[in-house]
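Have a look at the model first, then read on.

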Amino acid sequence: MVEKKVTLKLDHVSKSFAKIETDEVTHALNEINLTMKSGEFISLVGPSGCGKSTILRLVAGLIMPTTGKLTVDDNEIQGPSPERGMVFQKPTLFPWLTVKDNIAFSLKMQGKLKGNEDKVEKMLDVIGLGSFRDDYPGQLSGGMAQRVALVRSLINEPDILLLDEPLGALDAFTRMNMQDEILRIWQEKEQLAIMVTHDVDEAVYMGSRVIVMDSNPGRVVSDITIKEKYPRDRSSAMFVEYRNEILNKLHYGGIRS
Ligand SMILES: Nc1ncnc2c1ncn2[C@@H]1O[C@H](COP(=O)(O)OP(=O)(O)OP(=O)(O)O)[C@@H](O)[C@H]1O
């Protein structure tokens with residue numbers, strides 16, 4: 001179980017980007033108010049450009065809001081922190097480091113590797129890549145590389161896990177296995193997970209809450225609590241009902257795919 005329970009708040013958060021070539025401004029997010037807590041799995045869905053990744057990058061502290069503020073337990077987010085781990089769609093591994101060294105990298109950088117070597121080995125076992133520990137990322141399949149990228153973030157035991165379409169590039173079979181793997185780790189650690197996905201099925205299968213967004217300007221149009229218990233059955237009446245409700249919000253909210 002994760003030691004620290006946290007509350008993340010987005011308080012009237014707006015983010016605009018200026019285009020370099022023109023005077024135009026993109027209102028990526030407009031007045032977002034959200035409260036999320038440890039133990040929740042938040043799925044963010046919405047059309048391309050509605051600001052889903054911008055929310056993750058703000059929470060990661062990679063960018064700052066134009067107005068409003070983001071806080072973790074009332075402390076304003078002012079930059080990146082190992083307490084907020086991000087996994088991107090394309091696994092961002094160091095090609096010159098072995099699988100094991102990629103996983104150990106952040107512990108090493110923080111001077112925490114000594115005494116934690118067994119944690120790296122445990123993570124290798126968790127993702128079933130123990131026998132690939134000395135291989136380089138270029139030798140791995142896409143699914144294997146994504147598993148390494150996932151545990152590389154998890155090894156820091158972040159209070160907040162940010163997943164930016166982490167399974168988007170995987171084949172259907174690997175994707176379903178990884179969904180269960182991520183859920184298992186999340187349930188064990190009880191951290192706050194926030195995942196961007198384009199797949200409504202995946203959003204309902206994994207999320208304890210599904211937040212539906214729309215674009216121009218980027219905003220929240222619906223915040224749905226999924227009350228069905230885990231593990232979920234994709235063919236159950238309740239599951240199908242949730243999926244239809246979200247698809248309806250995406251269409252009737254004027255959302256384009
Ligand atoms: N660094 C940036 N500079 C300029 N505009 C940006 C920047 N980052 C994002 N935007 C714009 O902000 C809007 C929201 O982008 P964002 O990537 O958050 O959307 P998204 O919902 O994650 O989209 P997708 O589903 O396609 O990944 C888009 O119009 C995008 O072009």
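## Around the ligand

In this predicted model, the ligand is surrounded by F17, T26, A28, G46, S48, G49, C50, G51, K52, S53, T54 and G218. Sorted by class, that shell comes out as three nonpolar, eight polar and one charged residues.

Which elements supply at least two residues each of the shell around the ligand? That would be β2 (25–37) and α1 (52–60). The top contributor is α1, which gives three residues to the shell.

## The annotated domain

Now for the record. UniProt, in an unreviewed entry, puts the feature "domain: ABC transporter" at residues 8–240. Keep in mind that such annotations may be inferred rather than shown by experiment.

Across residues 8–240, the model is 31% helix and 27% strand.

## The whole chain

Zooming out, the chain has seven helices and 10 strands. Its radius of gyration is 18 Å, close to the 18 Å that the globule rule gives for 257 residues, so the chain is as compact as a globular protein of that length. Along the principal axes, the C-alpha atoms of the chain fill a box of roughly 50 × 45 × 35 Å.

How much of the chain counts as buried? The figure is 37% of the 257 residues. As for contacts with a separation of 6 or more, 71% of those in the chain come from residues 24 or more positions apart.

Technical notes: Residues numbered from 1 in each chain as written. Predicted model: local features only at pLDDT ≥ 70, side-chain atom pairs only at ≥ 80, totals over all residues. Helix = DSSP H or I, 4+ residues; strand = E, 2+ residues; numbered from the N terminus. Rg over C-alpha atoms; globule rule 2.2 N^0.38 Å. Buried ≥ 20, exposed ≤ 12 C-beta atoms within 10 Å, placed from the backbone. Contact = placed C-beta atoms within 7 Å. Near = placed C-beta within 6 Å. Nonpolar A, V, L, I, M, F, W, Y, C, P; charged D, E, K, R; others polar.
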